[in-house]
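Please look at the sequence and the three-dimensional model shown here, and keep both in view while reading the report.

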Amino acid sequence: MSASNGPKEPSRRVLLDRGFVDAVERWMLTATSGVLVIEQSQTGCGVSRLLDVLQEEHARHVAWVSMGHHACRRTVLGQKKIMLIDPPDSVIVDAAKSVQFAQLVQTPSIPMIIAGFKRRSVVAKLGAMLKKSSGTVTHLTVPPIPDDDAVNFLVSVAAEKGVEGVDFRRAWSTTLNQ
């Protein structure tokens, strides 16, 4: 958000529902603790890109930090730290990292965003960890993107980047079936 003009219209190249984008941005800017779980049914729908764009737009105020214990809630530049785990798969399947992750989820010392997961085993393990969290757990579900909208968006992005010769409909449907 810009200090003088309220919410900033996105210069974003993402194809996600505006209400969803606003909810993620609002949580990111206002959360002082707790966990935001971004659930998606479509792989490749743009959640990671959205998080990158939001961090870039709010870089003066917010910084993504890696998994770990953070004694201070702010960086040396005064930015609010938000632990970003995207995707959590490799963390959850590694026994040592999984124990540390479960402890961080149970008592989050700084706000935490968990995104980019789809596998049932990860969903189940993450769900069990979140039930033990002493912090507020907020779930946001990515609204589905219609296939035609996704294909048209991919075509426009590819044109901007000079990418040619891709069957975008097939690429999008292949991504959905992973």
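The report below goes from the whole chain to its sheet and then to single residues.

## Basis of the description

This is a predicted model, in which local features need pLDDT of at least 70 and side-chain atom pairs count only at pLDDT 80 or more, while totals for chains, interfaces and linings use all residues. Residues are numbered from 1 along each chain as its sequence is written, and side-chain values use heavy atoms, with hydrogens and water left out.

## The whole chain

The protein chain has seven helices and five strands, where helices (H or I, at least four residues) and strands (E, at least two) are DSSP runs numbered from the N terminus. Followed along the sequence, these elements come in the pattern α-β-α-β-β-α-α-β-α-β-α-α. The radius of gyration of the protein chain is 17 Å, close to the 16 Å that the globule rule gives for 178 residues, so the chain is as compact as a globular protein of that length; this radius is taken over C-alpha atoms, and the rule is 2.2 Å times the number of residues to the power 0.38. Along its principal axes, the C-alpha trace spans about 50 × 45 × 25 Å.

Of the 178 residues, 40% count as buried, a term that means under 20% relative accessible area, whereas exposed means over 50% and partly exposed lies in between (1.4 Å probe, protein chains only). The protein chain exposes about 9900 Å², of which carbon and sulfur atoms supply 53%; accessible areas come from the Shrake-Rupley method with a 1.4 Å probe, and for residues only the protein chains shown count as cover. Among contacts (heavy atoms within 4.5 Å) between residues at least 6 apart in sequence, 71% join residues at least 24 apart.

## The sheet

Strands of a sheet pair through backbone hydrogen bonds, either parallel or antiparallel. In this model, five strands form an open sheet in the order β2-β3-β4-β1-β5, with parallel pairing; two strands pair if DSSP finds at least two bridges between them. The edge strands, each of which pairs on one side only, are β2 (62–65) and β5 (137–141). Neighbouring strands of this sheet are turned by 25° against each other on average, direction ignored. The table lists the pairs with their bridges.

| Strand pair | Bridges |
|---|---|
| β2 and β3 | four bridges |
| β3 and β4 | three bridges |
| β1 and β4 | three bridges |
| β1 and β5 | five bridges |

Several bridge partners can be located by name in the model. Val35 has Met112 as its bridge partner in β4, and Val37 has Ile114 there. In β5, the bridge partner of Leu36 is Thr138, while in β3 the partner of Trp64 is Ile82. Ile85 also stands opposite Ile114 in β4.

How much of β3 is buried? Six of the six residues of β3 are buried, so this strand is largely enclosed by the rest of the structure. Both of its faces are covered, with Lys80, Ile82 and Leu84 buried on one side and Lys81, Met83 and Ile85 buried on the other. Strand β1 is mostly covered, as four of its five residues are buried. Helix α4 (residues 95–106) lies across β1, β3 (80–85) and β4, and runs at about 125° to β4; such angles run from 0 to 180 degrees between N-to-C directions, and the axes are lines fitted to C-alpha atoms, for helices over the stretch in contact.

His70 lies in the loop between β2 and β3 and is buried, with a relative accessible area of 17%. A polar atom of the His70 side chain lies 2.9 Å from the backbone oxygen of Ser66. Leaving aside neighbours within four places in sequence, His70 is in contact with Val65, Lys81, Met83, Ser109 and Ile110.

Val122 has its place in helix α5 (residues 120–131) and counts as buried at 0% relative accessibility. Not counting residues up to four places away in sequence, Val122 touches Pro88, Asp89, Ile92 and Phe117. The C-alpha atoms of Val122 and Ser48, 74 residues apart along the chain, are separated by 17 Å.

Glu57 belongs to helix α2 (residues 47–57) and counts as buried at 18% relative accessibility. Glu57 and Gly135 are 78 residues apart in sequence and 27 Å apart in space, C-alpha to C-alpha.

Technical notes:
A polar contact is a pair of N or O atoms within 3.5 Å; within protein, one must be able to donate a hydrogen and the other to accept it, and residues adjacent in sequence count only if both atoms are side-chain atoms.
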